[in-house]
Amino acid sequence: MTPKKRVELLFAAFLLIVGIVVFLNASTLEVSYSQADPVGPKAVPYLVAGLLVVSSLALAVTVMRGNLAQGEEGEDVDLSHPSDWKTLVPLVAIVIVNILLIDWAGWVISGTILFFGCVVALGGRRYVLTLVISLLLALGSFYGFYLGLGIALPAGLLEGVL
């Protein structure tokens, strides 16, 4: 078996495992009848699990028949260049900082840091404008989730102010 075929079969196995995990997690959801609509909240996780399992099996059959994926040859992508670690590492670090701060500092503060940090890591140099826009995005998404969807994001340090 060629290494490329092995990698694609490994990805099919990964999809199958994810599908099984999603199915098992969906089966443990407990919903009272008073909170459930005719379809119920378990329908979408079961649908996603089924699609993952069917996709993994279809991919495995396709790979075993010899149909392997072709490498990307994008018109604006130079595949000979290595990864840009000077950009990737700060982006990953900013996401980790956001994960660590969101419960304690709240979404508005951690989201502002996330948006600002991502722009700076990607090369933005207009710091004051970027900070203002990041704060507006964080506030807008905070109130958008709360007022539009009824989902309360953590307020953290700004509890009582927001």
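Mentor: A residue is called buried under 20% relative accessible area, exposed over 50% and partly exposed in between, with a 1.4 Å probe and protein chains only. The model is predicted, so local features need pLDDT of at least 70 and side-chain atom pairs count only at pLDDT 80 or more, whereas totals for chains, interfaces and linings use all residues. Residues are numbered from 1 along each chain as its sequence is written, and side-chain values use heavy atoms, with hydrogens and water left out.

Trainee: How many aromatic pairs does a search of the whole structure find?

Mentor: Rings of Phe, Tyr and Trp (its six-membered ring) pair if their centres lie within 6.5 Å; planes under 30 degrees apart count as stacked, over 60 as edge-to-face and the rest as tilted. With that rule, the number of aromatic pairs found in the whole structure is five.

Trainee: Why is the pair of Phe 23 and Tyr 46 classed as it is?

Mentor: The ring centres of Phe 23 and Tyr 46 are 5.2 Å apart. Their planes stand at 45 degrees, so the pair is tilted.

Trainee: Which helices does the pair of Phe 23 and Tyr 46 link?

Mentor: Helices (H or I, at least four residues) are DSSP runs, numbered from the N terminus. The two residues of the pair are 23 apart, and the pair links distant parts of the chain. Phe 23 belongs to helix 1 (residues 3-27), and Tyr 46 to helix 2 (residues 43-64).

Trainee: What is the angle between the planes of Phe 116 and Tyr 127?

Mentor: Phe 116 in helix 4 and Tyr 127 in helix 5 are eleven residues apart, and their pair links distant parts of the chain. The rings lie 6.4 Å apart, centre to centre, and form a tilted pair, with an angle between the planes of 55 degrees.

Trainee: What is the relative accessible area of Tyr 127?

Mentor: Phe 116 counts as partly exposed because its relative accessibility is 22%. Tyr 127 is also partly exposed, and its relative accessible area is 41%.

Trainee: Which residues does Leu 114 touch, not counting residues up to four places away in sequence?

Mentor: Contact means heavy atoms within 4.5 Å. With residues up to four places away in sequence not counted, Leu 114 touches Ile 94, Val 95, Asn 98 and Trp 107.

Trainee: Is Thr 112 buried or exposed?

Mentor: Thr 112 lies in helix 4. Not counting residues up to four places away in sequence, Thr 112 touches Trp 107, Leu 131, Ser 134, Leu 135 and Ala 138. Its relative accessibility is 10%, so Thr 112 counts as buried.

Trainee: How far apart in space are Val 92 and Cys 118, C-alpha to C-alpha?

Mentor: Val 92 lies in helix 3. Val 92 is partly exposed because its relative accessible area is 43%. In sequence Val 92 and Cys 118 are 26 residues apart, while in space, C-alpha to C-alpha, their separation is 9.3 Å.

Trainee: By what distance are the C-alpha atoms of Arg 126 and Glu 159 separated?

Mentor: Arg 126 lies in the loop between helix 4 and helix 5. Arg 126 is exposed because its relative accessible area is 60%. Arg 126 and Glu 159 are 33 residues apart along the chain, and their C-alpha atoms are separated by 30 Å.
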